[in-house]
Amino acid sequence: MGRINCFIPFASPEQVAQTVANLKADELVNKIYLLADGDAADAVDGCEVIKIKGLTSSATMRAIAEHADADYVMLYTKHTTLKFAPFAIERFVKLADDSQSGMLYADHYNVTENGAVKAPVIDYQYGSLRDDFDFGSVLLFCGCCFKKAAEAMKADYEHAGLYDLRLKLSQNCAITHINEFLYSDVELDTRKSGEKNFDYVDPRNRGRQIEMEAACTEHLKEIGGYLAPTKVVDGKEVPNFKHIEFNQGDFEVEATVMIPVRNRIRTIRDAIDSVLCQKTDFKFNLMVVDNFSTDGTREAIAEYDDPRLIHIIADYYDMGIGGYWNLAAHHEKAGKFIVQLDSDDMYKDENTLQTMVNAFYEQNVAMVVGTYQMTDINCNPIPPGIIDHKEWTPENGRNNALRINGLGAPRAFYTPVLRAVKIPNTSYGEDYALGLNISRNYQIGRVYVPVYLCRRWDDNSDASLDVEKMNRNNLYKDRIRTWELQARVAMNKKCCKCC
């Protein structure tokens with residue numbers, strides 16, 4: 001008797017034929033179920049059809065749990081051909097037996113029209129809360145663990161069922177990465193990394209995002225990592241955030257715009273000009289922190305004869321973008337508020353700085369995040385258009401921030417808080433880590449009108465990353481989430497009267 005029930009998505013007999021043949025040839029496979037989202041009149045011999053509505057819905061997860069009667073559940077998540085290496089299924093099962101994990105996933109190959117390419121994935125950890133975490137397309141579950149996780153699901157999601165089940169399972173079981181290449185599948189999405197970055201904030205995916213937020217929030221409550229928007233003090237319900245008086249420090253100017261730059265000769269003048277043209281009812285300056293520029297950027301900055309521009313030469317080999325932010329924040333001429341601008345982006349118009357600073361006082365917050373318009377290098381709008389991050393709400397933004405991969409732009413900070421918290425000395429994820437840390441105790445404000453142009457072009461730092469670089473970035477961001485989640489759980493325990 002085989003030990004695995006296989007569940008694969010079905011569109012037509014032709015689509016599943018080779019995958020089914022490959023699975024039938026393995027003696028560990030007990031039954032093959034075809035998950036049909038639509039008409040499945042033309043069944044495949046030796047397979048049972050399960051009618052579903054959405055591969056990742058809660059109803060589908062419950063249907064799989066109901067039909068599963070073997071030691072393991074294998075779920076394939078693509079509508080393309082799957083092929084295992086010799087003895088790879090046996091390897092999956094052996095490691096599942098040995099590790100007693102609730103779920104396992106593996107490195108693999110993606111087959112494209114240009115041939116097969118390696119697709120290594122990263123280790124799952126406590127803070128791996130992204131709903132788009134890349135497990136690959138083959139998920140092997142302990143059958144019993146899958147059923148228990150399905151039983152623990154409370155909601156009925158159209159899109160977030162698999163995500164909800166994974167979170168439920170992770171509360172009691174290990175999720176194990178097999179860093180061996182065990183299978184190949186056909187990859188149809190061959191876009192560059194920079195073209196995929198903004199899928200999760202595409203307005204067309206708003207309904208899906210709402211479901212994912214609900215599933216993640218429930219998970220945080222169940223593991224003790226949820227931060228409530230209010231608390232009870234002396235019998236009264238009050239906001240669960242620190243209040244700010246904005247009276248710390250002695251600042252020469254109200255605001256500083258900070259641009260970190262290295263070798264951006266094509267765009268740095270546009271960025272600087274968009275700052276110096278700002279119209280405000282307060283004094284501001286601009287700090288351009290220049291890191292080893294060798295392409296004429298340094299000379300272009302020196303062309304400006306404006307006392308508001310402070311050119312900081314920061315040639316430190318051991319500093320990332322976060323380190324340069326710390327230099328600017330602790331500079332004697334730093335303003336009460338510091339507002340971000342990347343060296344290849346621009347402020348949308350002359351009112352951006354005023355709008356961002358006003359938000360601090362109007363919302364009593366330690367950090368403000370704006371809304372940006374996606375454009376090409378010539379400032380022409382491109383899809384997905386305006387990115388407003390409306391998933392950030394005063395009530396649940398800091399919880400949902402643990403699920404998403406970024407907080408938006410531009411970002412602005414109350415300088416005394418920025419000086420106290422400080423930014424990790426890295427060049428990726430440093431702003432995300434800072435935002436999570438600040439939101440633990442302070443409210444983060446939002447500006448929902450476009451104030452920033454995020455310009456996409458071939459020289460963007462994330463335009464076309466190889467898989468190793470993407471994995472390093474994603475692993476670090478998950479580590480940031482892990483540290484933050486651990487801190488929040490510990491903070492909640494200290495607040496509990498029984499501790």
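With 499 residues, what radius of gyration would a compact globule have, and what does the chain have? A compact globule would be near 23 Å and the chain has 25 Å, which agrees; the radius is taken over C-alpha atoms, and the globule rule is 2.2 Å times the number of residues to the power 0.38.

Before you click further, a word on what is loaded. This is a predicted model, in which local features need pLDDT of at least 70 and side-chain atom pairs count only at pLDDT 80 or more, while totals for chains, interfaces and linings use all residues. Residues are numbered from 1 along each chain as its sequence is written, and side-chain values use heavy atoms, with hydrogens and water left out.

**Whole chain**

Start with a cartoon view. The chain holds 15 helices and 20 strands, which are DSSP runs numbered from the N terminus (helices are H or I, at least four residues; strands are E, at least two). Along the principal axes, the C-alpha atoms fill a box of roughly 80 × 60 × 40 Å. Of the 499 residues, 55% count as buried; here buried means under 20% relative accessible area, exposed over 50%, and partly exposed in between (1.4 Å probe, protein chains only).

**The cores**

Next, select Phe7, Leu75, Phe141, Ile259, Ile272, Leu286 and Val288: these have the most contacts inside the largest nonpolar core, a set of 115 residues. Such a core consists of buried Ala, Val, Leu, Ile, Met, Phe, Trp, Tyr and Cys residues joined through side-chain atoms within 4.5 Å. Now centre on Leu286. Leaving aside neighbours within four places in sequence, Leu286 is in contact (heavy atoms within 4.5 Å) with residues including Val257, Ile259, Ile272 and Arg308. A second, separate core has 32 residues, among them Ile32, Ala36, Tyr72 and Tyr183.

Select residues 161-170, helix H5. The rest of the structure largely encloses this helix, because 9 of its 10 residues are buried.

Then go to Asn399 in helix H12 (residues 397-400). Is Asn399 buried or exposed? Asn399 counts as buried, at 0% relative accessibility. Beyond four places in sequence, its contacts are Leu220, Gly225, Tyr226, Leu227 and Arg488.

**An exposed loop**

For contrast, pick Gly46, in the loop between strand E2 (29-36) and strand E3 (47-51). Gly46 is exposed, with a relative accessible area of 71%. Draw a C-alpha to C-alpha distance from Gly46 to Lys31: the two are 15 residues apart in sequence and 8.1 Å apart in space. With neighbours within four places left aside, Gly46 is in contact with Lys24 and Ile32.

**Backbone stops**

Most residues other than glycine have a negative phi, and most peptide bonds are trans. The remaining stops show the other cases.

- Pro383 to Pro384: this peptide bond is cis, with omega near 0 degrees, and Pro384 lies in strand E18 (residues 381-387).
- Ala409 to Pro410: another cis bond, with omega near -5 degrees; Pro410 is in the loop between H12 and strand E19 (411-414).
- Asp234: phi is positive, about 55 degrees, in the loop between strand E10 (230-233) and strand E11 (236-239). Asp234 counts as exposed at 78% relative accessibility.
- Cys379: phi is near 70 degrees, again positive, in the loop between strand E17 (367-375) and E18. Cys379 counts as partly exposed, at 29% relative accessibility.
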